[in-house]
Amino acid sequence: ASAAALLTACGGGQIGQSGGDSKPANGKKLMLVPGVQAEPFYISMQCGAEAEAKKLGYELTTQAPQKFDAPMQTQIVNALGANPPAALLIAPTDAQAMLAPIQQVKNRGSKIVEVDTALQDTSVAASSISSDSAEGGKLAAQTLAKLVGDKPGSVLVLDTIAGTSTTNARAKGFEDELKNHPNLKSAGVQFTQNEPDQAATKVTAALSSTPDLVGIFATNLNTGEGAATGLRNAHKIGAVNLVGFDASPSEVEGLRKGEYQALIAQDPASIGQQGVQQAVNALEGKAVTRNLTAALHPITKADLDANAQYFYKQ
Ligand code: T6T
């Protein structure tokens, strides 16, 4: 997103910019590398991080890959070179492939803080801040079970990419909780490469192969967008319950229109804010908390307006 767009998104301030003429020493420089650019989840995270950095007297710049893609994110991380920022806040796009590039930045002196996703190797980051993804999947299954009622039927999970720590854990949390709802049968977990088009195609296929499909859990906003398209194309909106994750403007609109029956909203601004706090603690020799979680908020159409504070920025 452009600096101007971010100005609006975050409600004023020097959001997304480098602090004008003042050139802070490297010791005051933080960098945020989100999973992908121009996405409401990460824009909201950036807003939270920018505001906290400003408050604490640090400069935070953001560089995001064009796609949620480990090679593209690696390029950005490698370009930090021999003189990296004091701290790197990063959402690793792959739990393993991002290990070597992030480790290199650490070796060159940066503090590493994971925001949202995480590496499988827990020895690299000083701190990790994320929603409780397993709990999110469980909440999604419980929400879907309530929507379906006693009716027996199959439910499909749309995951993003194998190696994405968050959505993979959401899918697992969902499948685990499903065991407590014997009328609901798993129709499996499908990967979509985080592409809405692929999610739509998987839904179309599932509707024909699984005639008793009563529900879909879309583990993030792209899978949700695709699922809604697939259901719309098959004239199955509302007939198959769709529980999404995140609360982007288009998902909120979809919930209002009845395309989704529920959303599990995260609090990305708080993830960004806590990420900066932990990075600064690490830099200033204060106590650092290794793992922190941000709250989750299930939202249905009935309580949509009461939850407006959890809607993401764009
Ligand atoms: O759901 C978020 C984020 O938590 C996940 O790691 C990747 O997808 C999103 O950015 C939404 O598209």
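1. Basis. Residues are numbered from 1 along each chain as its sequence is written. The model is predicted: local features need pLDDT of at least 70, side-chain atom pairs count only at pLDDT 80 or more, and totals for chains, interfaces and linings use all residues. Helices (H or I, at least four residues) and strands (E, at least two) are DSSP runs numbered from the N terminus.

2. An unreviewed UniProt entry lists residues 32–286 as "domain: Periplasmic binding protein". UniProt positions follow the numbering used here, feature names are shortened, and annotations may be inferred rather than shown by experiment.

3. Parallel sheet. Six strands in the order β2-β1-β3-β4-β5-β11 form an open sheet with parallel pairing; two strands pair if DSSP finds at least two bridges between them. At the edges are β2 (59–62) and β11 (291–294), each pairing on one side only. Neighbouring strands are turned against each other by 20 degrees on average, direction ignored. Four bridges in the parallel sense link β5 (residues 127–131) to β11, and Ser128 stands opposite Asn291 of β11.

4. Mixed sheet. The order β7-β6-β8-β9-β10-β12 describes an open sheet of six strands with mixed pairing. Its edge strands, β7 (184–191) and β12 (297–300), each pair on one side only. The twist from one strand to the next averages 15 degrees. Strands β6 (residues 153–159) and β7 run parallel and are joined by six bridges; Asp159 has Phe191 in β7 as its bridge partner. Helix α6 (residues 165–178) packs on this sheet, where it touches β6, β7, β8 (213–218) and β9 (241–245), and its direction makes about 165 degrees with that of β6. Axes here are lines fitted to C-alpha atoms, for helices over the stretch in contact, and angles run from 0 to 180 degrees between N-to-C directions.

5. Helix α3. Ala70, Gln73 and Val77 are the buried residues of α3 (residues 70–78); buried means 20 or more other C-beta atoms within 10 Å of the residue's own, exposed means 12 or fewer, and partly exposed lies in between, with C-beta atoms placed from the backbone. The three cover an arc of only 65 degrees around the axis, so they sit on the same side of α3. That arc is taken from the directions from the helix axis to the C-beta atoms. Exposed Pro71 and Asn78 lie on the face turned away from the buried side of α3. The buried residues of α3 pack against β1 (29–33) and α4 (99–107).

6. Isoleucine 112. Ile112 is in strand β4 (residues 111–115) and counts as buried because it has 21 C-beta neighbours inside 10 Å. Leaving aside neighbours within four places in sequence, Ile112 is in contact (C-beta atoms, placed from the backbone, within 7 Å) with Leu88, Ile102, Val105, Lys106, Val124, Ala125 and Ala126. Ser128 is 16 residues from Ile112 in sequence, and their C-alpha atoms are 8.9 Å apart.

7. Nonpolar core. The largest nonpolar core has 83 residues, and Leu30, Leu89 and Ile216 have the most contacts inside it. Such a core is a set of buried Ala, Val, Leu, Ile, Met, Phe, Trp, Tyr and Cys residues joined through C-beta atoms within 7 Å. Helix α2 (residues 40–56) gives the most to this core, with eight residues. Beyond four places in sequence, the contacts of Leu89 include Leu30, Ala49, Val113, Val115 and Val276.

Definitions and conventions:
Contact = placed C-beta atoms within 7 Å.
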